[in-house]
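This report looks first at a ligand site and then at an interface between two chains. Please keep the sequence and the structure in view while reading.

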Amino acid sequence: MTALLEVADLHIGFGGLAAVRGASFTVNKGETHCLVGESGCGKSVTALAMMGLLPANAERRTAALRFDGQDIAGLSEREMSRLRGDRIAMIFQEPMTSLNPAYTVGSQMGEVYRRHRGGTRQAALDRAAELLERVRITSPGMRLGQFPHQLSGGLRQRVMIAMALMCEPELLIADEPTTALDVTVQAQILRLLADLQTELGLAILMITHDLGIVARTAHRVSVMYAGEIVETAPVFPLFAEPRHPYTRGLLSCVPVPGKVGRDEPLGSIRGTVPRIGPNFAGCAFRDRCDLARPDCSSPVVRHTLASEHSYLCQIAP
Amino acid sequence: MRALRNAGLCVGAVIVGFTLLVAIFAPILATQDPFAQDLSRRLIVPFWMEGGSTNHLLGTDQLGRDYLARLIYGARISMLIGIMTVVTSGAIGVAMGVIGGFFGGRIDDMILFAITARLSIPLILVALAVVSLVGSSLTVVVMTLGLLLWDRFAVVARVSTMQIRTLDFVAAAWSAGCSRPRILLREVLPNILSPLAVVATLEMALAILLEAALSFLGLGVPPPLPSWGLMIAEAKDYMFFSPWVIMVPGLSLCALVFGINLLGDGLRDLLKTGRTT
Amino acid sequence: MLHLLIRRLAVAFLVCITVLTFAFALTRLSGDLAISIAGPSATAADIEVVRKAYGLDRPVVEQFFDWVGRAAVGDFGQSYFYKERVSKLIVDRLPVTMTLGLVGLGIALLVALPLGVVSALNEGRVIDRVISLVALLGQAMPSFWLGLILMVTLGLKLGWLPISGTGSWEHFVMPGIVLAFSAIPALMRLTRSGMIDAMNADYIRTARAKGLSRTSIVLKHAARNAAMPVVSIAAVQLGFMLGGSIVIETVFALHGVGFLAWESISKNDFPTVQAVVLMLAIIYTLLTLGADLLNALLDPRLRAQ
Ligand SMILES: Nc1ncnc2c1ncn2[C@@H]1O[C@H](COP(=O)(O)OP(=O)(O)O)[C@@H](O)[C@H]1O
Ligand SMILES: [Mg+2]
């Protein structure tokens with residue numbers, strides 16, 4: 001297991017509000033690492049920070065941001081753009097709007113290849129056709145000449161994936177790639193990603209709020225809450241022995257066949273993700289937590305269970 | 001940046017307010033008669049130039065009339081035209097837009113068609129022709145511009161009304177059994193006033209510029225009234241020798257219109273930020 | 001697409017009919033046209049002669065349909081003042097006005113597009129505010145006054161350009177600049193807001209995630225999408241410019257349609273006035289129609305409809 005992407009103590013703020021607070025995680029080569037949490041927890045911002053694509057009004061601070069052993073936090077925009085699309089690729093939640101409506105699929109796929117690999121337009125189109133076939137799109141030749149609005153959502157997301165794979169990246173960041181799609185299409189896309197991972201040895205940072213997707217795809221899981229990674233573990237221990245009350249809360253919200261009976265009510269977490277101002281201290285989950293104690297408002301310690309499993313809570317194991 | 005924006009609004013308000021005051025108090029401010037000719041004292045230069053006199057701070061025109069006095073009375077004409085045109089065209093345009101946006105369907109199609117047709121009619125040309133046919137006077141100019149400049153009011157009022165119509169409080173008024181005119185006047189109109197205020201500034205600026213152009217071409221405000229556009233037209237034969245004769249009224253026009261535009265821009269920004277926060 | 005086109009054409013046709021009626025009604029505003037034509041020094045007998053000669057003694061409805069019928073086939077009658085066919089007068093003068101309009105639009109686009117893009121890419125910064133302020137200042141300048149100023153400075157003081165007339169291409173530069181001024185603010189603002197919208201779109205984020213160069217992102221991905229509203233407004237502005245050319249042609253003594261309109265208005269030459277109003281309206285309508293079609297070509301989504 002060699003680390004491909006290492007993040008240590010990542011902080012992202014918007015004005016006075018903190019979106020990410022000291023997040024650390026590692027994505028290993030050929031592995032899927034799931035970042036899971038409710039909407040607004042800072043998952044997308046984290047992903048964008050990896051790519052150097054944060055909006056102009058965001059402030060980023062990090063102890064280390066390494067890709068394949070190289071520090072990429074200090075890279076210039078120009079150097080970063082050499083990595084993006086080539087060695088690190090990203091796909092987004094909104095397949096409907098993520099493709100440029102004015103250009104054909106072929107033109108948009110081809111330009112990544114030509115940017116990073118050079119070559120003729122025809123070579124790029126051939127490569128694009130090859131990848132469309134790889135993501136199981138039939139008659140790729142025809143699709144290359146089509147415009148995004150002529151494709152369904154599922155097809156567009158396949159095109160996005162194919163486009164991301166044009167230059168055989170080592171890391172694919174997928175920000176809720178299936179959230180906007182039908183359930184059946186969702187399953188196809190996830191299977192496709194899994195297949196591609198084995199074929200190409202791709203590392204995936206998969207962002208989702210859906211534990212079902214986590215269960216199906218993840219090797220490792222990091223649970224994010226209000227900008228912090230509150231629990232991180234390989235997928236089996238996490239589902240078997242969740243430690244953080246938030247992780248447990250999330251798990252109680254999904255029906256697990258065999259575990260949850262037909263008429264048993266599903267759990268839910270009351271309240272919403274708080275906004276974190278400048279002088280916030282303690283556990284951000286305490287107002288929503290059934291196990292909250294007075295010492296939850298003082299700085300929280302990180303407990304380590306096994307070498308791979310740690311969580312952020314006052315309650316000792 | 002915000003400060004800069006508000007600065008724009010303030011500067012605009014100051015310019016427009018100042019011009020308005022000058023226009024209102026013209027008889028007090030002007031120490032000389034703007035119509036009194038004195039052919040022995042023609043084209044005296046402003047006081048800061050060599051040969052100028054403090055008697056005529058901005059000099060005199062080709063007929064020996066005091067330029068400052070004419071400029072001050074000219075502010076009256078510009079402001080009068082600007083305000084009256086906005087009132088007339090605003091009333092027409094808002095009525096059309098609100099009716100179209102509120103009732104929709106056929107009525108809206110007709111209103112939309114009227115706007116399209118109006119936009120295709122060449123503005124200055126028609127205004128010139130009307131004034132030429134009916135005879136030039138301040139009233140004719142105001143009426144002509146008022147009857148021509150309603151399009152933007154109608155467009156904005158129509159779109160805003162369409163947005164308002166679907167909102168809850170209008171639905172509530174419907175279900176409370178309020179009559180249509182009542183809903184239009186009490187619920188819709190007050191809520192579309194702010195975008196209309198921005199349009200009003202735009203149209204006021206446009207009306208002032210158009211009046212100046214008409215008067216410049218001799219088919220606007222008739223002489224000897226001291227319209228700034230007319231002052232430029234009358235002075236243009238002398239501009240190659242004494243450029244200040246066209247600079248003085250021209251810069252005044254520029255400043256006033258710039259002020260109005262600043263005001264409109266400031267209002268727009270204010271409304272935009274007011275909506276998002 | 002075809003459906004849209006037919007609908008547009010129908011509306012355009014109706015607009016032309018409306019303007020036709022309007023142009024006719026316009027000339028009857030003064031009450032008795034014969035008095036206006038005959039001039040202030042005419043006797044009652046003179047007026048009667050004029051009335052007969054121009055067919056003004058017929059019922060108004062008859063006159064109207066007569067005029068519409070001829071106008072439909074491009075016959076706008078005889079000019080009272082020039083003693084020539086109005087259609088020939090217009091056709092002779094149109095190239096000058098068209099050249100002026102296109103020069104004006106060209107200058108306006110050359111200035112407005114880069115400024116709008118720079119403004120958008122620096123949204124909210126000082127340079128953006130400065131550009132907006134300059135545009136606002138430009139908008140505040142009366143075109144005829146700006147024309148005179150240019151005549152004094154570029155023409156007289158610096159001697160770079162001819163002051164008035166139609167002889168060479170140089171004669172179009174100053175009027176072109178003046179005409180451009182009136183269109184620059186609107187074009188610039190739209191370019192700016194279109195670019196801001198485009199740069200915030202998801203597909204731009206995708207383009208950045210693909211590692212494309214900044215040039216490609218701005219000029220290929222954003223500009224193409226920002227261009228659509230700009231094309232529409234450019235067509236509208238060109239229409240307004242042709243209408244506004246009446247002032248500028250008069251100032252610079254450029255013998256185009258605007259100058260013709262100005263002369264015929266001051267000479268009470270109603271057939272010419274009517275015809276010019278109608279022609280400018282038709283050109284404007286065609287321009288907006290053309291812009292819609294061009295947009296359909298630019299936007300694959302519209303093309304498919
Ligand atoms: N452009 C932005 N400007 C200001 N705040 C932002 C911006 N983008 C995201 N945020 C804030 O950052 C936090 C995390 O957002 P995000 O990463 O999109 O959440 P998630 O992807 O987990 O749903 C949110 O509180 C959001 O309000
Ligand atoms: Mg998100």
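## Polar contacts of ligand 1

In this predicted model, a polar backbone atom of Gly42(A) lies 3.1 Å from an oxygen atom of ligand 1. An oxygen atom of ligand 1 is also 2.9 Å from a backbone N or O atom of Val45(A), while for Ser44(A) the contact is made through the side chain, where an N or O atom is 2.6 Å from an oxygen atom of the ligand. Of the 560 Å² of accessible area that ligand 1 has on its own, the protein covers 63%.

## The shell around ligand 1

The residues around ligand 1 number 13, and those that come nearest are Gly40(A), Gly42(A), Lys43(A), Ser44(A) and Val45(A). Helix 1 of chain A, which spans residues 43–51, provides the largest share of this shell, with 3 residues. Sorted by class, the shell holds 5 nonpolar, 5 polar and 3 charged residues.

## Extent of the interface between chains B and C

The size of an interface is often given as the accessible area lost when the parts come together. Between chain B and chain C, the buried area is about 4000 Å², and carbon and sulfur atoms give 82% of that area. On the side of chain B, the residues that lose the most area to chain C are Leu125(B), Leu133(B) and Phe240(B), which together account for 16% of what that side buries. In terms of residues, 44 from chain B are in contact with 50 from chain C.

## Salt bridge and polar pairs between chains B and C

The two chains, B and C, are joined by 1 salt bridge. Its partners are Asp265(B) and Arg189(C), whose closest N and O atoms are 3.2 Å apart. The count of residue pairs in polar contact between chain B and chain C, with both residues at pLDDT 80 or more, is 3.

## Elements on the chain B side

Several helices of chain B each supply at least two residues of the side that touches chain C, namely helix 1 (2–24), helix 4 (105–120), helix 5 (123–134), helix 9 (180–216), helix 10 (228–235) and helix 11 (244–276). The largest share of that side comes from helix 11 of chain B, which contributes 13 residues. By class, the residues with which chain B touches chain C divide into 33 nonpolar, 6 polar and 5 charged.

Notes:
Residues are numbered from 1 along each chain as its sequence is written. Chains are lettered from A and ligands numbered from 1 in the order in which they are written. This is a predicted model: local features need pLDDT of at least 70, side-chain atom pairs count only at pLDDT 80 or more; totals for chains, interfaces and linings use all residues. Side-chain values use heavy atoms; hydrogens and water are left out. A residue is near a molecule or strand if one of its heavy atoms lies within 4 Å of it. A polar contact is a pair of N or O atoms within 3.5 Å; within protein, one must be able to donate a hydrogen and the other to accept it, and residues adjacent in sequence count only if both atoms are side-chain atoms. Accessible areas come from the Shrake-Rupley method with a 1.4 Å probe; for residues, only the protein chains shown count as cover. Helices (H or I, at least four residues) and strands (E, at least two) are DSSP runs, numbered from the N terminus. Ala, Val, Leu, Ile, Met, Phe, Trp, Tyr, Cys and Pro count as nonpolar, Asp, Glu, Lys and Arg as charged, and the others, Gly among them, as polar. Contact means heavy atoms within 4.5 Å. Buried area is the accessible area (1.4 Å probe) that two parts lose on being put together, summed over both. A salt bridge is a side-chain nitrogen of Lys or Arg within 4 Å of a carboxyl oxygen of Asp or Glu.
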